[in-house]
Amino acid sequence: MLQSKLFYKTTKEISEEEKSINAQLLVRAGFVDKLMAGVYSFLPLGLRVLEKIKKVIREEMNAIGGQEILMPALTPKENWMKTGRWDTIDVLFKMEGSGGKEYALGSTHEEIVTPLVKKMVNSYKDLPVAVYQIQDKFRDEPRAKSGLLRGREFSMKDLYSFHADETDLDSYYEKAKGAYLKVFRRLGLDALVVLASGGTFSKYSHEFQVLTESGEDMIFYCEKCRYAQNKEIAEYGAGDKCPKCDGKMLEGKAIEVGNIFKLKTKFSEAFDLNFLDKEGKKKLAVMGCYGIGPSRVMGAIVEVSHDERGIIWPAEVAPFDVHLIALFGKDEGKNKKIEKEAEGLLESLQKAGFEVLYDDREEVSAGVKFGESDLFGIPLRLVISEKTLEKSSVEIKERAEQRVELVKFNKVEKFLKK
RNA sequence: CGGGGUGUAGUACAACGGUAGUAUGCAUGCUUUGGGAGCAUGAGACUCGGGUUCAAUUCCCGGCACCCCGACCA
């Protein structure tokens, strides 16, 4: 990708009003644009990151047998009336169409997925089954805030699993928990599994929480074994002994990046989702649901991975692998050479499978280029200039490190591969 | 939804009851090129409604939007 053609704009300054780090950096770097509180456009750089997060999630959901589908965001009132949630979910965006027909924008999809799965399940042989989607959810939050962390429209991966009995749900639930931990590890997030309230469905659920000052949840976690509980259900305070080991419980703020629930039969009852077991008896399917918010995850990564100059993306989610920068001088002849070397390097890197953003702009000063590069947070920065050209080399720097290395042109690929 | 704060050029800020200023970005020209360059010229703004006043961007009331705290967050 040529930076001269990239649809973006960076800024040095941002309003003092914008306190949230993720909103500041993502807006300044031109990854997202705010349309209104809690509603953002994803620009090319931001969209690339979002898609990479989704890719990791897809891979891990597929690995535990999840099948991707896409349900409508526009949903009919009737389905919500069946579960009584038309009136109890107060963040539901409701609207009226022609003829007075009422709809809601999906804030969660149990009301849609349950009747859908009912059409496919008649026998115990049809179970278990797990389907998921990645879609924008709509919630009329009374207070959207903190950039991508709490939005009114936000990206959500929601997986729903259906089982013949609770034992099977329990074992799948554990599998899903493992898959979630893999997802967050790959995304560069150190997520704690936190025991939390189960809402109206069951006594407990599990949240995946990332410790950071900008979090809005308060959790207690063991410094030793990482056992953790959300403060809303915790029966002890900071400094108390861990119930699982001899460690001490610490208190901390955290961002919830995922949540898994055992729904049991609440929705299968409402929609009469039953099947015939081996004895030919009618039974209700047992359900679980599992959510991760990719857009919130993106915000959370920025919150925990940045410095005073900008974002530092973990390799799996960076918009590009390499930021190749050409620095031009006043000598036309040398500039031609710089351009030729840079373009050659770009081509060979791309052939080798690297995604490269190439800063090919001639009229832009070195300071601006470096400043933007730091702000973008691409893991590797390669610079070609008059200086490096003299040594037939390219300068390589990792975003997260201070160290700079000069590497000969013909050895760059090999250097990057390791 | 309760409390607090803020609304002025594309962006970030300032001032002011009477003619709105700075920086940056943008356009043009020249100079410049390893950490957000310099000079010159140019285009570019008072959130909406009501009130007070000879006169309101400025003061008062209300709406709306945004930010923060709290409540809420199947």
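**Close-up 1. Buried residues and length of helix 2 in the predicted model.** Within helix 2, the buried residues are L45, G46, V49, L50, K52, I53, V56, I57, E60 and M61; helices are DSSP runs of H or I with at least four residues, strands are runs of E with at least two, and both are numbered from the N terminus. Buried denotes 20 or more other C-beta atoms within 10 Å of the residue's own, with C-beta atoms placed from the backbone. Helix 2 comprises 20 residues (44-63), so at 1.5 Å a residue it should span 28 Å, in agreement with the 28 Å between its end C-alpha atoms; the expected span is 1.5 Å times one less than the number of residues.

Residues are numbered from 1 along each chain as its sequence is written, and chains are lettered from A and ligands numbered from 1 in the order in which they are written.

**Close-up 2. Surface near RNA strand B.** RNA strand B is surrounded by 47 residues, of which E16, A37, A366, G367 and G371 are the closest; near means a C-beta atom, placed from the backbone, within 6 Å of the strand. Two or more residues each come from strand 13 (249-264), strand 16 (286-292), helix 10 (366-376) and helix 11 (386-390). Helix 10 provides the largest share, 8 residues.

Conventions
Predicted model: local features only at pLDDT ≥ 70, side-chain atom pairs only at ≥ 80, totals over all residues. Buried ≥ 20, exposed ≤ 12 C-beta atoms within 10 Å, placed from the backbone.
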